[in-house]
Amino acid sequence: MEAKELIKYIRGLGIEVHTSTKARGHLGFFLKNRIDISKNIPEHRVVPTLLHEFAHYIHYGLEPEMHRTGGSFGVIFKEDNPVFEEELFKVTNFVDENSLCVKLYENKDRIKLLIKDYENEIKKDYPEFQRSKKFKQFDKYIKKSKARYLLKYDRVKLIGGFFKKKEDIFSVANVENDFPDMPKAFAYYIKLRSAQRKQSRVSARINKLRKYYTKPCELFARLVEGLYLDKEWVCALAPYSTVKFFRLLNEGYYGELENILKF
């Protein structure tokens, strides 16, 4: 399928198609009666992205509040069934490898190992140490140290002095040099706390992506995209969903999407 022919066809339906924008930082973007395809998109991704955004257009016609709510399977498939999310997330993993969050999970595992290493180092001096409980010896020490700011931030700049301003810059990465008199176990605890903050941020990022990728509107759009990329494989990944989809497609429920897929 030629991208130019598809764009011409979609424009013939009265839909604006723009290919010279950055698509709001995405490969493609749909809003009401307009589809933007990023000018920076690789050529082989133009048609799949067009189909993805056109699927949003069709869904919008069925469920105008889909942008706000994320859509519903009850409208998309005329049926609310957990199998749709289960199957279509597999399709999404095939269509968009970013949905697998591989690098994020790898990063999370590295941080987890790092936290364990720090814990073991602390236990060399404080065998009773547990991450889930207060580290009383450290808490007593840190009250009088400027290093206490590193319990919340990885890097801090402290400005002091009345007449002559003085700047002190401290960081978790350089904690041993910044505080040479600090016991090693306490320095490791500060690093452990920093690693836990990183772990929380990674987990939050994974959860945010998972929430985005499992929205019914996104699952539906990636189903349409996947049927173009490899219909046979998508049908194997999502047998129940694709049977339901093609039944509704042939009944005309998805409007012009039937002609687009034939096109």
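**Entry 1**

I began with Leu27 and set aside its neighbours within four places in sequence; the contacts left (heavy atoms within 4.5 Å) are Asp36, Ile37, Ser38, Ile41, Arg45 and Thr49. The model is a predicted one, in which local features need pLDDT of at least 70 and side-chain atom pairs pLDDT 80 or more, while totals for chains, interfaces and linings use all residues. Residues are numbered from 1 along each chain as its sequence is written, and side-chain values use heavy atoms, with hydrogens and water left out.

I placed Leu27 in the loop between β1 (16-21) and β2 (28-31). Helices here are DSSP runs of H or I with at least four residues, strands are runs of E with at least two, and both are numbered from the N terminus. Leu27 has 41% relative accessibility and so counts as partly exposed. For that term I used these cut-offs: buried is under 20% relative accessible area, exposed is over 50%, and partly exposed is in between, with a 1.4 Å probe and protein chains only. I also looked up Leu151, which is 124 residues from Leu27 in sequence and 39 Å from Leu27 in space, C-alpha to C-alpha.

In the loop between β1 and β2 I checked Ala23 and Arg24. Ala23 has phi near 50 degrees, a positive value in a residue other than glycine. Arg24 also has a positive phi, near 55 degrees, and is not glycine either. Ala23 is buried because its relative accessibility is 1%, whereas Arg24, at 61%, counts as exposed.

**Entry 1: helix α10**

I then looked for a bend and found one of about 125 degrees at Asp230. The bend is the angle between axes fitted to the seven residues ending at a residue and the seven starting there.

Cys217 is in α10 (residues 216-237) and is buried, with a relative accessible area of 6%. Leaving aside neighbours within four places in sequence, I listed His56, His59, Met66, Gly70 and Ile76 as the contacts of Cys217. The C-alpha atoms of Cys217 and Val46 are separated by 20 Å, and the two residues are 171 apart along the chain.

I next noted a nonpolar surface patch of about 360 Å², made by Phe94, Tyr228, Leu229 and Trp233. Patch residues have over 30% relative accessible area and no salt bridge; like charges are joined within 9 Å and nonpolar side chains (Val, Leu, Ile, Met, Phe, Trp, Tyr) within 5 Å. Accessible areas come from the Shrake-Rupley method with a 1.4 Å probe, and for residues only the protein chains shown count as cover. α10 gives the most to the nonpolar patch, with three residues. Trp233, found in α10, is partly exposed at a relative accessible area of 43%.

**Entry 2: Thr92**

Thr92 lies in α5 (residues 82-95). Is Thr92 buried or exposed? Thr92 is buried, because its relative accessibility is 0%. With neighbours within four places in sequence left out, I found Thr92 in contact with Ser99, Tyr213, Leu219 and Arg222.

**Entry 3: salt bridges**

I searched the whole structure and got 13 salt bridges, each being a side-chain nitrogen of Lys or Arg within 4 Å of a carboxyl oxygen of Asp or Glu.

I looked up Lys244 and Glu79, whose closest N and O atoms are 3.5 Å apart. This pair links distant parts of the chain, with Lys244 in helix α11 (residues 239-250) and Glu79 in the loop between α4 (73-76) and α5, 165 residues apart. Lys244 is buried, at 14% relative accessible area.

I then checked Asp96 and Arg222, which meet in a salt bridge of 3.7 Å, N to O. Asp96 sits in the loop between α5 and α6 (102-125) and Arg222 in α10, so this pair too links distant parts of the chain, 126 residues apart. Both Asp96 and Arg222 are buried.

For Asp154 and Arg197 I have 2.5 Å, N to O. Asp154 is in the loop between α7 (136-142) and β4 (155-160) and Arg197 is in α9 (residues 184-213), so the pair ties together parts 43 residues apart in sequence. Asp154 is partly exposed at 27% relative accessibility, while Arg197 is buried at 16%.

Last, I noted one network, in which salt bridges that share partners join Lys116, Glu119, Lys123 and Arg131.
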